[in-house]
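Visitor: Please walk me through this structure and its terms. I am new to this.

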Amino acid sequence: MTVIRALTGACAAALASLCAFVAPAEAQTYPTRSITMIVPFAAGGPTDVISRIVTAHMAQTLGQSIIIENVVGAGGTTATTRAARAANDGYTLITGHMGTHAASVPLYPKLAYHPEKDFEPIALLAGTPILILARKDFPPKDLKEFVTYVKANVEKVNAAHAGVGSVSHVSCELLHSILGIKPVGVPFNGTGPAMNALVAGQVDYMCDQIVNAVPQINAGTIKAYAIATPERNPSLPNVPTTAEAGLPAFQAQAWNAIFAPKGTSPAIIASLNAAAIKALDDETVKKRLLELGSVIPGAKDRTPEALATLVKNEIAKWTPVLKPAT
Amino acid sequence: MDIFANLAHGFAVAFSPINLLMCLIGALVGTLVGVLPGIGTIATVAMLLPITFGLPPVGALIMLAGIYYGAQYGGSTTSILVNIPGEATSVVTAIDGHQMAKQGRAGPALAIAAIGSFFAGCVATVLIAVLGAPLTKLALAFGPAEYFSLMVLGLIFAVVLAKGSVLKAIAMIVFGLLLSMVGSDIETGASRMAFNIPELADGLGFATVAMGVFGFAEIIRNLDAGAEMNRDLVQQKITGLMPTRKDLADSTPPILRGTVLGSILGILPGGGAVIASFAAYTLEKKLAKNPSRFGRGAIEGVAGPESANNAAAQTSFIPLLTLGIPPNAVMALMVGAMTIHGIVPGPQVMQKQPDLVWGMIASMWIGNLMLIIINLPLVGIWVRLLRVPYRLMFPSIVIFCAIGIYSVNNAPVDVILAGVFGLVGYWLIKHDFEPAPLLLGMVLGPLMEENLRRALLISRGDWSVFLTRPLSAVLLAIAAGLLILTVLPVLRAKRDEVFTESEN
Amino acid sequence: MADTMGHSATATRNTRLALGFCLLAIAPQIFELIWSIGTIFGWGAGRGPATVVTNHATALVVGAPATLIGSVGGGTKKASSEVLLALIYSYPLFVVAILTLFMTIRSAQDYVGGVVLMAVALFALWAGSDLQGMRGFSFGAGTAPRMFGGLLVALSAGIALSGLLTEGAALSHYSWRGPLFVMAAILFFALAIRPLGLVVTAFASFMIAALGSHETRWLEAVIVGACLTLGCAILFPYVLGLPMPMYPRFLIQ
């Protein structure tokens, strides 16, 4: 019995100490211990790969390791909620994303955080362009024909996407709202199965990030109509931009950026932003990001203020597109 | 001729010292991951991804692949020893494997699982090399309608594997299907039965429910008064470590059949590997002269499914290697690893990266050899572990399971949920419900619903697609036939029962 | 077993079962009440206990019958979630409880198993009642849950019925010590892993779980627990590289 009493005593003491932590960190010596970077998607995905490439260099600059923690679920909002509630001492950061910090606002009415109110923007890292893809025997030959065909056959065509809230879903919704149509969207569980269905010809078209699509396009198993960025991409020099192909309104990029919980001190944000910029200027980092087909932001887009504006604009851009969809 | 040249090239790559070492590390880590309850392959591969940054790409992928199929080897260990399936594919192994352990035959069960896995792995590797490209067509031929029919067939397998009442087994499957509905809806994103709990937003994890209804429930049941005697008996009964000649003779045909089934079903992305192990079990039970032995420690019930799941683990690489499309979450991580190294797998990966593809295929054979060399001597150690007094075993299992479940998502709520499912599982045992059909329903439920809805979306609501598409119709016909075969004897038995009762 | 019991014994058994089912019928309401007590201390957001009691009581006593009569009369007013809970979940179970009083139960194991499973299915039907149904040719979010929920109600009714028609096992004995301490260990682990870290949590949970068996010898348990903790502390973070807090948070900072 004494053992039990001792045990319960120990447990009680331990639980009491649970509430007694919280110690503010000093910004001057920041960082004094390792930093946790939450990535709201599975390891190996585009956001994860970009985060890992950039943070590996940032860790060298900051002199402390950065541990990547992949927290998956609910289109990345689980992780973002956790990050919003984390201590604002600069030791918990998150790689935010077009989905988590913009499209989520109209998609999830009960969202437990707000991208602008609960986060301090730090730096934009890289974006992955979005392509309009179709099965290889889909009749239209170019984007113009595609637009006419889809509008004419809106009852017959099937658009694939990788699940509600995924990049492929929201970008296709944007395309559809520009075209003023509402075709049937066939949901898949991730980009892999969606791509499989497209290669097999079970669905007609989809919008997806460049990373997965390049080898399939080069092998001729699927075809690409256009890339939704202002410039052509070096990994797909033959694919025209949407502006060139006649649909300039369709501009979409899955951007990734670092955020900290609201109230993180400006000094910490400044040092993190400097480290991120330094990483983006590094030649090896640049080379690896370009290999992925990413677009690296120019000098004026790298400040925290520019990121804040981007978030604001993106929320404004996605809200009318996604609001009626849900 | 070409294949031999390619394979020779592959072996040259795989036999380089660094790649051999990577293969060994992968096999060892995989075994460890498989043995530890709850620790999933996905979590481990995800955690080990950053380490592979510094390695050459071929070595990195050989290691990751080793973890994947190594875990399939190791997964059977906890199923047999303590009735905790670590992966969905080893749920069926627990049914007869653990019964064998209770009869003191854990050694032969573990050994036959290793031998079956080795044989299946070798055959499947050859199959990848020889028929990889043509088999890809199968993966592409399966559209939503075919998958739905396959899932229906899978659920019928779950009915067959039940040893008790068919009605209860069906109820458990439907219960599993209901549990699988928790979380966000794939088509609309609406939150279903999640009660605003963020951890439920993506549904109940397989590990959470499996650890609960198998792991924790088994522990609680063993702590019941009166259970001690049975446990002591088990410890005295432990006999030989290796299978007898009769065991081997009994297991050979199941291993062969399991290998064939697993190799074919493994190619199908999404659920193929899980269905493979259930299909193998069902096949063995249907072919057996005395099906009542199943669920009571039949060695065929271990040999068949274990061969099938390992064959499937190997052939599931086919879509990745030939199409560049990852068929499951672990493979998606491997694609991530390749992307980090600047290789984006696609349909041309075989031509563009012969080192990678053939090196990996060759390494799988070497890995399988390593796994059996690692695993057979381990059998002795595992069996000795059963001699550890239960009063020390059970708190250890609780801790291992808790850490394992926590590690999947770093979510404490998952651990609590597993505890709740432990109580549910305890209740199920007390009311003679079997947990295996429940788990199968849970695993197949989302796949079934998604594909049904996809098929109906594409066909614009026309239900006849399931019958007009030939592959789908064949699968449904098999399902219907199997259901009749299962239900008829039960009905007949019920009638006989009623007669005998009325005579009394 | 069942047939050795006298007639009066069966009768008391049935009364107890019926009472048990009645309790089951209002279990979600009771659960929410217990949960709501936390709001007094400011834990979590939600309604206070007083609101919960009045809302559910009015729903059970007044709201649900009113809706029932209203729907017969043709009114299609949207019912509140409490009323729906009473209608979909509680009332059917009350009916079952009343019926139980008049039944001869041949296999309590099957009968109780079926009824409880039916309760689960009814609860799922309620939980999915706010979801959208079929939309034209495509399934809504709620179609499949309702389909399977309904199917499970039918199947569990079949199981309960077989418990009435065929002889079978009686209720088996439940022990409390094992479940209690194993659950306590799991709960402690879940609550403590983040603030206290793996080392403290694993050892403490081991000891709590060990309380679940009367065979436990304490010295032995402490030694094994310590070794196991050490092993886990090396194995999980270092060998497998799983990110896990190791030591209590207040010690690190």
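Guide: What follows is a short tour by question and answer.

Guide: This is a predicted model, in which local features need pLDDT of at least 70, side-chain atom pairs count only at pLDDT 80 or more, and totals for chains, interfaces and linings use all residues. Residues are numbered from 1 along each chain as its sequence is written, while chains are lettered from A and ligands numbered from 1 in the order in which they are written.

Visitor: What makes up the secondary structure of chain A?

Guide: Chain A has 12 helices and 9 strands. Helices (H or I, at least four residues) and strands (E, at least two) are DSSP runs, numbered from the N terminus.

Visitor: Which residues point which way from β9(A)?

Guide: A:Q253, A:W255, A:A257, A:F259 and A:P261 point one way. A:A254, A:N256, A:I258 and A:A260 point the other way. In a regular strand, side chains alternate between the two faces of the sheet.

Visitor: How do you know that β4 of chain A pairs with β9(A)?

Guide: Two strands pair if DSSP finds at least two bridges between them. Here 9 bridges join β4(A), residues 119-135, to β9(A), and the two run antiparallel. A:E120 stands opposite A:A260. Strand β3(A), residues 92-97, is also antiparallel to β9(A), with 4 bridges. There A:I94 stands opposite A:F259.

Visitor: What makes a nonpolar core, and how many residues has the largest?

Guide: A nonpolar core is a set of buried Ala, Val, Leu, Ile, Met, Phe, Trp, Tyr and Cys residues joined through C-beta atoms within 7 Å. The largest has 357 residues, and A:A276, B:L61, B:V398 and C:L122 have the most contacts inside it. Helix α7 of chain C, residues 177-210, gives the most to this core: 21 residues.

Visitor: How do you know that chains C and B are in contact?

Guide: Two residues are in contact if their C-beta atoms, placed from the backbone, lie within 7 Å. By that rule, 59 residues of chain C are in contact with 52 residues of chain B. The largest share of chain C's side, 18 residues, comes from α7(C).

Note on methods: A residue is buried if 20 or more other C-beta atoms lie within 10 Å of its own, exposed if 12 or fewer, and partly exposed in between; C-beta atoms are placed from the backbone.
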